[in-house]
Amino acid sequence: MSRPESPLRQRCRPTAGSVPPVPEHAAGFDDLSLDDLSLDDLAGAALGRARSLGATAAELRVGRLRTQVVVVRDGALETTVDSTELGLGLRVLHAGSLGFAGTVVCDTTAAAGLADEAVALARSTAGAEDGIELTDEPVHGEVSWVAPYDVDPTTVPLDDKVATLARWTEDLRRAPGVAHAVAHVVAVVEDTHFADLAGNRITQRRVRVHPVVEAVAVDAASGTFETMRTVVAPAGRGWEHVDGPGSALGAEVATLPDLLAEKLRAPSVEPGTYDLVLDATNLWLTIHESVGHATELDRALGYEAAYAGTSFATLDRLGSLRYGSPLMHVTGDRTEPYGLATVAYDHEGVAACSFDLVRDGTLVGFQLDRRMAAEHGFGRSNGCAFADSPLHVPIQRMANVSLQPAPDPGPSVEELVSGTERGLYVVGDKSWSIDMQRTNFQFTGQRFYRIEHGRLVGQVRDAAYQATTTDFWGSLDGLGGKSTWVLGGALNCGKGQPGQVAPVSHGCPAARFRQVRVVNSRREAGR
């Protein structure tokens with residue numbers, strides 16, 4: 001995920017009296033932090049003005065988002081992006097209506113002006129629907145939280161980033177059969193200060209990185225090509241996740257040429273029904289699409305119908321919908337260590353927590369923000385409000401949605417495979433497709449291995465699995481133990497109008513699903 005150069009880079013100014021104004025295109029702009037702003041003065045100006053205009057609730061977010069992208073192809077630098085966004089956003093509740101305004105001007109006059117704009121917007125929409133309420137939330141006071149990381153990935157010199165990525169692509173190209181190699185990394189540091197009329201003053205820092213390396217082989221005789229990429233997931237970690245002592249990426253890169261060569265020689269899959277053993281590196285994406293989005297309450301209520309779609313898991317089916325087999329236990333969790341959606345408090349000031357979505361195969365919960373929780377009698381939000389910029393209003397966004405493993409010790413991947421007579425073992429994610437109600441889907445993977453009589457007997461190509469959500473989860477008959485559990489995820493989950501992008505993780509074990517339809521994607525495409 002890359003962001004274009006932001007006008008915030010040129011326009012945003014610190015509060016008067018804090019630090020000298022920054023010249024246009026100043027080299028030191030990226031070093032500006034929230035500490036350089038008079039946060040108390042900004043909050044006092046915005047919230048005080050909102051209160052004087054009759055707002056019953058108001059929340060100011062001061063946000064700074066630093067995003068870096070580096071792409072290297074065949075040993076040569078192809079793309080770099082280094083973007084910093086800094087601004088203010090104010091949401092108010094006035095006479096039962098919500099209003100929001102944002103600005104890139106970071107001074108007290110602009111902060112107070114946000115209140116006028118937000119209240120005016122709330123007044124203009126008053127009466128358009130029944131009065132909006134927000135669930136109560138305890139006052140948390142003054143809090144500071146920093147996600148755990150070792151090395152700020154945005155402070156690693158560009159030359160060092162390029163050298164690391166170039167080394168991997170050059171190593172790959174020296175391997176027989178590899179025609180091209182691409183490596184890229186996305187690094188984000190997100191700082192937010194939240195202040196509201198209730199008395200909260202919450203400052204948080206989130207850090208995340210996503211490294212990807214991919215090798216390409218070309219079959220000149222057939223005119224086709226194949227790819228193989230790493231399956232190391234993005235994470236709420238620093239640069240140590242990319243190139244540190246505990247990073248698994250370098251070792252995985254070294255395996256790509258052999259895996260790719262085997263894939264290029266592999267036969268095309270025979271379509272039919274197979275038992276599937278899905279590695280956690282593949283299953284996370286199926287969870288994201290078929291469970292994560294389906295259990296967002298705003299989607300289930302139709303708020304996203306014009307853009308992102310609705311959900312078959314509607315509110316009237318809470319507590320009764322058989323989502324899957326009794327082995328299925330899915331949680332939403334904003335506290336998962338190193339999770340991409342992990343915070344201490346969401347963008348409505350709600351404390352992070354863990355909660356059940358599917359338990360014993362039955363739908364038992366939804367992901368909520370304060371408005372949705374109040375409207376439908378849930379009592380309290382479970383902390384699922386997020387905005388990807390200070391200039392965007394918080395909307396209901398996904399927590400880290402994860403499938404829980406079997407109780408220890410639980411089966412290993414090898415044990416799941418050994419209990420499978422005829423099937424496929426799937427590693428890594430690739431393409432996906434799902435309908436607007438989150439019911440019918442198709443997923444592929446980085447590699448598919450045939451299982452015959454409980455043993456892996458080599459890769460096949462061109463495979464994709466298809467199912468309906470409840471049939472698929474209903475066929476779940478084997479869960480791996482904690483040793484198979486992996487935290488996957490993505491930085492670029494899209495939602496909302498105007499569109500917003502959110503990072504989210506999904507943990508899961510390896511799992512076995514019986515008699516799932518597998519198609520030959522090449523034949524289906526008419527090739």
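How many cavities of 30 Å³ or more does the structure hold? I found four. I am working on a predicted model, where local features need pLDDT of at least 70, side-chain atom pairs count only at pLDDT 80 or more, and totals for chains, interfaces and linings use all residues. Residues are numbered from 1 along each chain as its sequence is written, and side-chain values use heavy atoms, with hydrogens and water left out.

**Entry 1, largest cavity.** I noted a volume of about 80 Å³ for the largest cavity. (A cavity is a set of points on a 1 Å grid over the protein atoms alone where a 1.4 Å probe fits but cannot get out; lining residues have an atom within 4 Å of a point.) Its lining includes R61, R64, E190, D191 and H347. β1 (57-73) and β5 (180-196) each give two or more residues, and β1 has the largest share with four. By class I read three nonpolar, four polar and five charged residues.

Among the lining residues I listed E190, T192, R206, R334 and F386. β5, β6 (201-219) and β12 (385-386) each contribute two or more. The classes split into four nonpolar, three polar and four charged.

I placed E296 in the loop between α7 (280-292) and α8 (297-300). E296 counts as buried because its relative accessibility is 0% (buried means under 20%, with a 1.4 Å probe and protein chains only). Beyond four places in sequence, E296 touches Q367, Q396, R397, M398 and K495 (heavy atoms within 4.5 Å).

Conventions
Buried < 20%, exposed > 50% of the residue type's maximum accessible area, 1.4 Å probe, protein only. 1 Å grid on protein atoms, 1.4 Å probe; cavity = no way out; pocket = protein on both sides within 12 Å on 5 of 7 lines; lining within 4 Å. Points joined across faces, edges and corners; volume = space filled by probe spheres on them. Nonpolar A, V, L, I, M, F, W, Y, C, P; charged D, E, K, R; others polar.
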